[in-house]
Number of protein chains: 2
Amino acid sequence: MSDKVVTMPARKRSASRTPARAARPRVSGKARGVEVLQILRARIANQDIPPGAKLKEQELSEEFGVPRTRIREVFSALESRGLIERIPNRGAVVTRLDLAQVYQLYDVREVLEGLLARQATENAPAESWQDLVDFFAGPMQRLLESGELDRYIAGYEMFRARVTAAADNAVAAQMIDSIFEKTKVVIHRIIILPGRAEVGLVEHRAVLAAMRRGDAAEAERLRRANMRSAKAYLQRYQKFVL
Amino acid sequence: MSDKVVTMPARKRSASRTPARAARPRVSGKARGVEVLQILRARIANQDIPPGAKLKEQELSEEFGVPRTRIREVFSALESRGLIERIPNRGAVVTRLDLAQVYQLYDVREVLEGLLARQATENAPAESWQDLVDFFAGPMQRLLESGELDRYIAGYEMFRARVTAAADNAVAAQMIDSIFEKTKVVIHRIIILPGRAEVGLVEHRAVLAAMRRGDAAEAERLRRANMRSAKAYLQRYQKFVL
DNA sequence: CGCAACAAAATTGTTCACAATCTTGCCGAC
DNA sequence: GTCGGCAAGATTGTGAACAATTTTGTTGCG
């Protein structure tokens, strides 16, 4: 995600007096194309826009205060990411995940998370994981027992962020990101399944122990086992999750 | 990788006489947006358009006979795939791979090809691989000895196609495709490195033997080893490949 | 000769009008 | 009452004109 963002003088297009059609009604301040893309990605990932919903060009154009052609460009990007489907002359709808695809996403995620765990272990000094070992032994255990699942999930995402950063593999990170934006809802629903968080916590402690030892191969193996176990929960409670 | 590419007549933009905007000069028959996208993807993958080259909207618009707004949409899709970079008011250029990224692509490809080999072994009956075992024992060996590298590569891609089809994992297949379209040239250059094809052939035979035995775990392990070995060649002959 | 300022050309970005296509609701025939 | 057209409305697709910006070329000064 290149952050060379910008420059771009903030001045607003001079006076542009246009007498008729006076000031634009811009519902929310002007947004650049990239921003619109990110916002829509997030909305789809969170299912603020539910699967199957239709996206209308004009509507979005007015909401974000950008030209309709720009919305079309954003649609192209969303389509190439597989988040929406476009049918000629019929518009764009949010893609619906089918079961087979969710399993495939989990299979791919298994090997990618394994890769990141291994590379993180190889790249970072073993001691650097100590704080996470402690965190998962104490605080995370407590969050789980007191039922604070939101903060538990936040802790888990922090773990993933640390591993991803240490692995230093932008390609893999980006691919997992694209899996996340499709399955975020599913993943969160699995965590709150009966017994899943407890099992997951044990598995994560095992992964962290291997990383703390500097055993990269074992960290990869355990992380993959962890993902397979999550997939097994998905299969078992399929009807509740999808 | 669809090769419907097309050549594209080399003639230069016709007379462009259009006095009163008469019949459209369509250089090549009308093309849909998706087709334009595929063609440009192929051109970039083959380096018909070299890294760093600038893509001009009007030029492409005229060549394909599609509106410029459509070219812009295609650019958005190419950008989201990481094939081009767009700088505001400066246009679009084909992204240049840096060394670190190529290594990362190989690391990811290692685990994904491993996944496909495993799932292919799990899904297809062991006997179904016999013809490939034979092919890699005989014909491929001969192609190598007689130096017919193009056909050797074609045989290798046939192997990949078979495995991918059997694995039946569209998500993984698509991700590997996106890796291919960025590294196709590099991959082909590695194959023609001294000794690489010979080693690769031996490794592929081992993978196929495991698949023929129905040993999915071993097939995955061997395929990953094969990819690591290819990456090692890349590291060794780096300066000749990039 | 170098170089800075300016002018011209090329290119990208935006806007709008309209055409093509699909959707919806209505009306009548059976 | 149901079904099949048919017209009106909504939505997407196209193309050109226009505006903004960058690039290129030129001129004149030191």
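Me: Which residues are closest to DNA strand C?
Reply: In this predicted model, twelve residues surround DNA strand C. A:P67, A:T69, A:N89, B:E57 and B:G91 are the closest.

Me: Which helices supply at least two residues of that surface near DNA strand C?
Reply: One is α3 (68-80) of chain A, and the other is α2 (57-64) of chain B.

Me: How do the residues of that surface divide into nonpolar, polar and charged?
Reply: Two are nonpolar, five are polar and five are charged.

Me: OK, the protein contact now. How many residues does it take from chain A and chain B?
Reply: Chain A gives 21 residues and chain B gives 21 residues.

Me: Which elements of chain B give two or more residues to the side that touches chain A?
Reply: Those are α3 (68-80), α4 (99-123) and α8 (170-191) of chain B. The largest share comes from α4(B), with nine residues.

Me: And how does the side of chain B that touches chain A divide by residue class?
Reply: There are ten nonpolar, seven polar and four charged residues on that side of chain B.

Me: What rotation superposes chain B on chain A?
Reply: A rotation of 180°, with 0.0 Å of shift along its axis, and the RMSD is 0.1 Å. That is the relation of a two-fold axis.

Me: What percentage of the contact residues of chain B recur in chain A?
Reply: 100% of them, and the same surface serves both copies.

Me: Changing topic. How many helices and strands are in chain A?
Reply: Chain A has eleven helices and three strands. Along the sequence, the pattern reads α-β-α-α-β-β-α-α-α-α-α-α-α-α.

Me: How much of chain A counts as buried?
Reply: 32% of the 242 residues of chain A.

Me: And what share of the contacts in chain A with a separation of 6 or more comes from residues 24 or more positions apart?
Reply: Such pairs account for 75% of those contacts in chain A.

Me: Back to chain B. At what angle do α9 and α10 of chain B pack?
Reply: The angle between helix α9 (residues 196-213) and helix α10 (residues 216-236) of chain B is about 170°, and their axes are 8 Å apart. An angle over 145 degrees counts as roughly antiparallel, so α9(B) and α10(B) are roughly antiparallel to each other.

Me: Which residues meet there, in α9(B) and α10(B)?
Reply: From α9(B), the list is B:R196, B:V199, B:G200, B:E203, B:H204, B:A206, B:V207, B:A210 and B:M211. They meet B:E218, B:A219, B:L222, B:R223, B:A225, B:N226, B:S229 and B:Y233 in α10(B). By class, this contact has nine nonpolar, four polar and four charged residues.

Me: Take B:G200. Is B:G200 buried or exposed?
Reply: B:G200 is in helix α9 of chain B. With 21 other C-beta atoms within 10 Å, B:G200 is buried, because 20 or more counts as buried.

Me: What does B:G200 touch, leaving out residues up to four places away in sequence?
Reply: B:I191 and B:N226. As for B:A230, which is 30 residues from B:G200 along the chain, the two C-alpha atoms are separated by 7.8 Å.

Me: Backbone angles next. What is the phi of B:Q47?
Reply: About 60°, which is positive although B:Q47 is not a glycine. Most residues other than glycine have a negative phi. B:Q47 is in the loop between α1 (33-45) and β1 (54-55) of chain B, and counts as exposed with 12 C-beta neighbours inside 10 Å.

Me: And what is the phi of B:D168?
Reply: Near 55°, also a positive value in a residue other than glycine. B:D168 is in the loop between α7 (149-167) and α8 of chain B. B:D168 has 16 C-beta neighbours inside 10 Å, so this residue counts as partly exposed.

Me: Where is B:N89?
Reply: In the loop between β2 (84-87) and β3 (91-94) of chain B. B:N89 counts as exposed, with 6 C-beta neighbours inside 10 Å. B:N89 and B:L78 are eleven residues apart in sequence, and 17 Å apart from C-alpha to C-alpha.

Me: Last one. Where is A:A154?
Reply: In helix α7 (residues 149-167) of chain A. A:A154 has 12 C-beta neighbours inside 10 Å and counts as exposed.

Note on methods. Residues are numbered from 1 along each chain as its sequence is written. Chains are lettered from A and ligands numbered from 1 in the order in which they are written. This is a predicted model: local features need pLDDT of at least 70, side-chain atom pairs count only at pLDDT 80 or more; totals for chains, interfaces and linings use all residues. Two residues are in contact if their C-beta atoms, placed from the backbone, lie within 7 Å. Helices (H or I, at least four residues) and strands (E, at least two) are DSSP runs, numbered from the N terminus. Ala, Val, Leu, Ile, Met, Phe, Trp, Tyr, Cys and Pro count as nonpolar, Asp, Glu, Lys and Arg as charged, and the others, Gly among them, as polar. A residue is near a molecule or strand if its C-beta atom, placed from the backbone, lies within 6 Å of it. Copies are superposed by least squares on the C-alpha atoms of residues with pLDDT of at least 70 in both. Axes are lines fitted to C-alpha atoms, for helices over the stretch in contact, and angles run from 0 to 180 degrees between N-to-C directions. Angles under 35 degrees count as roughly parallel, over 145 as roughly antiparallel, 65 to 115 as roughly perpendicular and the rest as oblique.
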